[in-house]
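Please consider the structure shown here, beginning with the chain as a whole and then turning to its parts.

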Amino acid sequence: MSAGITISSMSDYAILGCGSVGHAVAEELVEQGKEVLIIDRDEDRVEALRDQDLNARTADIREEGLVETIADNEVVLILASDVEANKQAVENIRENGGDQFVVVRASDPVSEDELTELGADVVINPSEVIADSALHALETGELEYKAQQLSEVIRDTDEKLAIVTHDNPDPDSIASAVALQAIATTLGVEADILYIGDIGHQENRAFVNLLGIELLPYDDATVDDYDTIALVDHAKATEATFDRPVDVFIDHFEPDEEYEAEFVDIRPSVSSTSTILTKYIQEFDLNVSEEVATALLYGIRAETLDFKRDTTPADLTAAAFLYPFANHDTLEQVESPSMSPETLDVLAEAITNREVQGSHLVSNAGFIRDRDALTQAASHLLNLEGITTTAVFGIADDTIYLAARSKDIRMNIGKVLQDAFSDIGEAAGHSTQASVEIPLGIFTGIETTDDNRDTLLSLTEEAVRRKLFDAMGVEGGEGGNGS
């Protein structure tokens, strides 16, 4: 078949072997206005097809002379239940120079391979088609059932719903919360989005500000005001964080601890929680707003590194659905925020002081004024060739602040930092990003003064680097700066 020609542009089809499958295909093609020639060796069947005004002829599809009969047909569909007859038909076409696009029916994986070797362009195994159709129907039915469950839990809310993101939320967590809030609003339930920690990264702040997303610090909220609690993209949190059980849990990561929530939807088969919430938006048949569509699309893009990391077909179809509704000018502004002089200084310091062990990078940014700049430095350094995990730390207000990022699927950076520093500080995060806060006095045992700042920085740098590399499973102290 010549390049640039597609099946949809073709009009002349030949169907060899017209059982129930061939008959269904023939009717659909005729309905689309295609010219269809049917060949079958059963005279009674051919006569019945003619009674339906279909162009049918009697012949054995294994006959070599049939090649000339179908020479003018652009597409040949060989759909007999007799696989040996199908093989002979394909072989006859190819050995006699036939260049039609050939679609042929197989019976099992072995015959699939054999038909491909004989020159078939597409091989169809009805058993696989039926299985795929059954799985698709199951997925559709399961989503409908889950949507009904979610609706019931939300509708049972008497007062307000609290939607809690993960600590120091990223775009996927925020976008998922925004989508669940939109679903709750549609169901007549008021919902607030709560977060713990900071919205540190400039892109994340731009994301929230440009879309006008209202977020409430968890510490400023009175949890007793909410009779329903939902966690979104929150797999590494525990129910112990709350004074009462969680009602809704939605995530694309398996949690470290099992939840006894009334509604749970965990799908490791997709790469973002935004993808899951997009499916619910579709299932609830919501008129998706520009804000929600833009947030979800950005959540998917951010979590998959713009579709370059662990992207699944579900992520792509969700993004395709959202694309027409999203504000792409806003997305461009979010993805290209201006960098503050402080952030630039921290990044320069982190680049200069970096130490690399294998694919792990640790750097000291020194004394800092804006701790959020550490997050951006860790993200930027993750783009260095051969680097899969970064950790950047600095000192501000008698506290050591550390931000880490990882794209190593074998490592949960949140758990790494939790194990390394939970006994002396506060660690939070999940598999791809995490942060730590450590009181400087606890870490060094020395009170900070203007006279000993440089000494404390030196002691801190050595100890934190060693502790980080040990936690990551590599030996620090002998690496280079990655030049």
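This is a predicted model: local features need pLDDT of at least 70, side-chain atom pairs count only at pLDDT 80 or more; totals for chains, interfaces and linings use all residues.

Residues are numbered from 1 along each chain as its sequence is written, and side-chain values use heavy atoms, with hydrogens and water left out.

The chain contains 17 helices and 18 strands, which are DSSP runs numbered from the N terminus (helices: H or I, at least four residues; strands: E, at least two). Of its 483 residues, 49% count as buried; buried means under 20% relative accessible area, exposed over 50%, and partly exposed in between, with a 1.4 Å probe and protein chains only. Among contacts (heavy atoms within 4.5 Å) with a separation of 6 or more, 59% link residues 24 or more positions apart.

Two packed helices are described by the angle between their axes and the distance between the axes. Axes are lines fitted to C-alpha atoms, for helices over the stretch in contact, and angles run from 0 to 180 degrees between N-to-C directions. Helix 9 (residues 273-283) and helix 10 have axes that come within 8 Å and cross at roughly 145°. In this pair, Ser274, Thr275, Leu277, Thr278 and Ile281 of helix 9 meet Val292, Leu296, Gly299 and Ile300 of helix 10. The contact comprises five nonpolar, four polar and no charged residues; Ala, Val, Leu, Ile, Met, Phe, Trp, Tyr, Cys and Pro count as nonpolar, Asp, Glu, Lys and Arg as charged, and the others, Gly among them, as polar.

Helix 10 (residues 290-303) also packs against helix 12 (residues 328-335), at an angle of about 45° and with the axes 10 Å apart. On the helix 10 side, Thr294, Leu297, Tyr298 and Arg301 meet His328, Thr330, Leu331, Val334 and Glu335 in helix 12. Four of the residues in this contact are nonpolar, three polar and two charged.

Glu290 also belongs to helix 10. With a relative accessible area of 47%, Glu290 is partly exposed. Setting aside residues up to four places away in sequence, Glu290 touches Phe325, Ala326 and Asn327. Glu290 and Ala326 are 36 residues apart in sequence, yet 5.3 Å apart in space, C-alpha to C-alpha.

Asp251, in contrast, lies in strand 11 (residues 248-251). Asp251 counts as buried because its relative accessibility is 0%. A polar atom of the Asp251 side chain lies 2.7 Å from the backbone nitrogen of Phe253.

Technical notes. A polar contact is a pair of N or O atoms within 3.5 Å; within protein, one must be able to donate a hydrogen and the other to accept it, and residues adjacent in sequence count only if both atoms are side-chain atoms.
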